[in-house]
Amino acid sequence: MPESPDNGTGTKEVATALQGGGAHGAFTWGVLDRLLEDGRVTFEAISGTNAGAMNAVVMVDGLMLDGFRGAREKLRQFWRAISDGAKLTPVQRAPLDMLMGNWTLDTSPGYNFFDWLSKFASPYELNPFNLNPLRDLLAKTVDFERVRACSKPLVFISCTNVETGRVKVFKRGMISPDVVMASACLPYLFQAVEIDGVPYWDGGYMGNPVLFPFHDSTKTHDYVIVQINPVLRKGAPKTAREIENRVSEISFNSSLLQELRAIDFARRLIDEGKLDPKLYKKVNVHIISNDSVLVPLGASSKFNAEWAFLEYLFEAGRSTAGAWLDKVYPMLGVMPTANVREMYQGDGLDPEPRRSAG
């Protein structure tokens with residue numbers, strides 16, 4: 001891969017983890033675009049799930065093609081193709097929502113019809129030939145041979161093994177269009193993706209995204225998570241759709257919170273001298289997110305691929321990443337900037353895992 005630009009202040013290397021979230025992945029696109037434009041942060045490894053997996057392979061393909069500039073161009077090309085492909089689908093915003101400036105699809109006749117239908121028939125019944133235009137678009141946009149040839153950054157794509165319920169992490173040499181589509185396979189919408197005879201579903205159920213591959217495979221102590229699924233949402237959901245949306249958010253964040261808890265626990269044991277820092281990595285966690293933008297968006301907007309919406313999220317991601325660079329860049333390699341304990345501690349219970357008796 002071509003060397004990253006050096007603007008005179010040097011560069012710092014990080015491992016980056018990209019959450020999934022459908023069209024909300026355009027926020028991540030904006031974050032990556034701003035980081036690539038700035039050039040002071042380089043990527044030792046990338047972990048991705050769902051839309052995060054797509055952003056990861058598209059960016060790596062562009063990096064291999066023409067460095068940071070190629071990555072930015074490739075990401076824009078991919079998201080534009082996503083929007084163009086969705087123009088003729090029946091899943092569009094309702095006229096009133098367009099008039100009111102709402103990005104949700106909650107009142108979209110097309111969205112509501114397919115949402116209702118998915119509760120009574122499986123994708124095996126509704127789509128027996130297993131057609132998936134997104135896979136074709138991905139295969140056309142990304143040169144997967146080039147992705148598999150990339151030695152840096154390392155790439156990790158997480159999927160959920162349907163049979164065992166465990167996470168499966170696919171590394172660089174195994175990554176293909178099927179692997180990326182498996183990572184984005186919502187079981188109510190798509191047939192399970194079989195790889196070597198094993199069925200896989202969306203990686204978000206067991207790793208959104210996974211961090212553990214970074215521990216042994218990278219030298220950096222800085223893990224940067226681009227988070228697009230809100231952890232905190234005030235108040236109890238009241239409608240059936242709100243309840244379903246919140247259950248989805250909780251389940252898609254649970255594995256990440258468990259990993260963050262383990263990382264924080266290890267840091268404290270190292271600080272207390274109970275773990276050897278030569279044997280255990282003291283991880284600095286950093287999070288790029290924007291709840292003021294992402295929390296108000298309903299789950300149905302994850303299926304909204306209008307270019308205006310994608311551009312809105314892209315610009316939000318860029319501005320968020322710009323503010324993050326101004327505040328956090330000096331602390332990369334020095335200390336964590338995410339309040340991990342606040343994220344998983346919840347109601348103030350002791351966050352330290354209980355030790356078994358004997």
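The model is predicted: local features need pLDDT of at least 70, side-chain atom pairs count only at pLDDT 80 or more, and totals for chains, interfaces and linings use all residues. Residues are numbered from 1 along each chain as its sequence is written, and side-chain values use heavy atoms, with hydrogens and water left out. Helices (H or I, at least four residues) and strands (E, at least two) are DSSP runs, numbered from the N terminus.

**Helix 1 against helix 2**

- Two packed helices are described by the angle between their axes and the distance between the axes.
- Helix 1 spans residues 25-38 and helix 2 spans residues 51-86; they pack at an angle of about 25°, with their axes 9 Å apart.
- Axes are lines fitted to C-alpha atoms, for helices over the stretch in contact, and angles run from 0 to 180 degrees between N-to-C directions.
- Helix 1 and helix 2 are therefore roughly parallel to each other. Angles under 35 degrees count as roughly parallel, over 145 as roughly antiparallel, 65 to 115 as roughly perpendicular and the rest as oblique.
- The crossing of helix 1 with helix 2 is right-handed. A crossing is right-handed if the near helix is turned clockwise from the far one by less than a right angle, and left-handed if anticlockwise.
- On the helix 1 side, the contact uses Gly 25, Ala 26, Thr 28, Trp 29, Leu 32, Asp 33, Leu 36 and Glu 37. Contact means heavy atoms within 4.5 Å.
- Helix 2 answers with Ala 51, Asn 55, Met 59, Leu 63, Phe 68, Ala 71, Arg 72, Leu 75, Arg 76 and Trp 79.
- The residues of this contact of helix 1 with helix 2 divide into 11 nonpolar, 3 polar and 4 charged. Ala, Val, Leu, Ile, Met, Phe, Trp, Tyr, Cys and Pro count as nonpolar, Asp, Glu, Lys and Arg as charged, and the others, Gly among them, as polar.

**Helix 2 against helix 6**

- Helix 2 also packs with helix 6 (residues 133-141), at an angle of about 155° and with the axes 10 Å apart.
- Helix 2 and helix 6 are therefore roughly antiparallel to each other.
- Their crossing is right-handed.
- Helix 2 brings Met 54, Asp 61, Lys 74, Gln 77, Phe 78, Ala 81 and Ile 82 to the contact, and helix 6 brings Leu 134, Leu 137, Leu 138 and Thr 141.
- The residues of the contact of helix 2 with helix 6 divide into 7 nonpolar, 2 polar and 2 charged.

- In strand 7 (residues 222-226), 5 of the 5 residues are buried, so the strand is largely enclosed by the rest of the structure. Buried means under 20% relative accessible area, exposed over 50%, partly exposed in between (1.4 Å probe, protein chains only).
- Asp 222, Val 224 and Val 226 point one way from strand 7, while Tyr 223 and Ile 225 point the other way.
- Strand 7 pairs with strand 1 (residues 12-18) in the parallel sense, over 4 bridges. Two strands pair if DSSP finds at least two bridges between them.
- Thr 16 has Val 224 in strand 7 as its bridge partner.
- Strand 7 and strand 8 (residues 284-288) run parallel and are joined by 5 bridges.
- Tyr 223 stands opposite Val 285 in strand 8, and Val 226 has Ile 288 as its bridge partner there.
- Strand 8 is mostly covered, with 5 of its 5 residues buried.
- Asn 284, His 286 and Ile 288 point one way from strand 8, and Val 285 and Ile 287 the other way.

**Ser 183**

- Ser 183 sits in helix 8 (residues 177-183).
- Ser 183 is buried, with a relative accessible area of 0%.
- Not counting residues up to four places away in sequence, Ser 183 touches Gly 48, Thr 49, Asn 50, Ala 53, Ile 157, Ser 158, Cys 159, Asp 202 and Gly 203.

**Cis peptide bonds**

- The peptide bond from Lys 152 to Pro 153 is cis, with omega near 5°. Pro 153 lies in the loop between helix 7 (144-149) and strand 3 (154-161).
- Asn 208 and Pro 209 are also joined by a cis peptide bond, with omega about -10°. Pro 209 is in the loop between strand 6 (198-202) and helix 9 (212-217).

- Asn 130 is not a glycine, yet has a positive phi of about 55°. Asn 130 lies in the loop between helix 5 (123-126) and helix 6, and is partly exposed, with a relative accessible area of 39%.
- Asp 196 has a positive phi near 55° and is a residue other than glycine. Asp 196 is in the loop between strand 5 (193-195) and strand 6, and counts as exposed at 78% relative accessibility.
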